[in-house]
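Please keep the sequence and the coordinates open while reading.

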Amino acid sequence: MAAGQVEAAERGATRIADRVVAKIAARAAREALGEVPEGGRAPYATVTVHHDTARVRVVLELGYPSDIGGQCGAVRRRVAQGVRGLAGMEVSEVAVQVERLHSAQALHAERGKVR
């Protein structure tokens, strides 16, 4: 390289928008859960990025009965892995909020009622 030239890696910076990281996190959460419960919404995420570190909050709905702790742990691991792998960011926190539980039994009972 000639004197005075700056190497390619030193010329600029890459910034990934928070909303892009949030989409990565939401998709990873869906993959960790496998399927959305009948009548439920797909997981969504909000993200705060500071330098190369992301803090993630995932909101999801789960089927009932289920291993809530196990599913939340799987979501945390998959989201951290996905953001690290695709965005190249460290993940300092993944907060999982279970917004609603869906009982298939209650849903079927409700559908069976005559109104």
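**Salt bridges and sheet**

In this predicted model, R84 and E90 form a salt bridge, with 3.9 Å between the closest N and O atoms. That separation falls inside the cut-off, because a salt bridge requires a side-chain nitrogen of Lys or Arg within 4 Å of a carboxyl oxygen of Asp or Glu. Both partners have intermediate accessibility: R84 is partly exposed with a relative accessible area of 38%, and E90 is partly exposed at 48%. Elsewhere, salt bridges with shared partners connect R27, E31 and R78 in one network. Side chains of opposite charge can pair when their charged atoms come close.

The structure holds 5 salt bridges.

Another salt bridge brings together the side chains of E61 and R100, at 3.6 Å from N to O. It also links distant parts of the chain: E61 belongs to strand 2 (residues 53–64), R100 to strand 3 (residues 90–103), and 39 residues separate them. Is E61 buried or exposed? E61 has a relative accessible area of 4% and therefore counts as buried, since the limit for that class is under 20%. R100, in contrast, is partly exposed, at 44% relative accessibility.

The elements that carry these residues can now be placed in the fold. The protein has 3 helices and 3 strands, and along the sequence they follow the pattern α-β-β-α-β-α. The 3 strands make up an open sheet in the order 1-2-3, with mixed pairing. Why is one side of strand 1 and of strand 3 left without a neighbour in the sheet? Strand 1 (44–50) and strand 3 stand at the edges and each has a single partner strand, so one side of each has no neighbour there. On average, neighbouring strands of the sheet are turned by 15° against each other, with direction ignored.

Strand 2 and strand 3 run parallel and are joined by 12 bridges. Among the residues paired in this way is Y64, whose bridge partner in strand 3 is S103. Helix 1 packs on the sheet, where it touches strand 1 and strand 2, and its direction makes about 135° with that of strand 1. Helix 2 packs on the sheet as well, touching strand 2 and strand 3; the angle between its direction and that of strand 3 is about 140°.

Some totals for the whole chain complete the picture. Of the contacts in the protein with a separation of 6 or more, 65% are between residues 24 or more positions apart. Of the 115 residues of the protein, 28% count as buried, and E61 is one of the buried residues. The protein exposes about 7,900 Å², of which carbon and sulfur atoms supply 49%.

Key
Residues numbered from 1 in each chain as written. Predicted model: local features only at pLDDT ≥ 70, side-chain atom pairs only at ≥ 80, totals over all residues. Heavy atoms only, no water. Helix = DSSP H or I, 4+ residues; strand = E, 2+ residues; numbered from the N terminus. Buried < 20%, exposed > 50% of the residue type's maximum accessible area, 1.4 Å probe, protein only. Contact = heavy atoms within 4.5 Å. Areas by Shrake-Rupley, 256 points an atom, 1.4 Å probe, with all protein chains shown as cover. Pairing = 2+ DSSP bridges. Axes fitted to C-alpha atoms, helices over the stretch in contact; angles between N-to-C directions.
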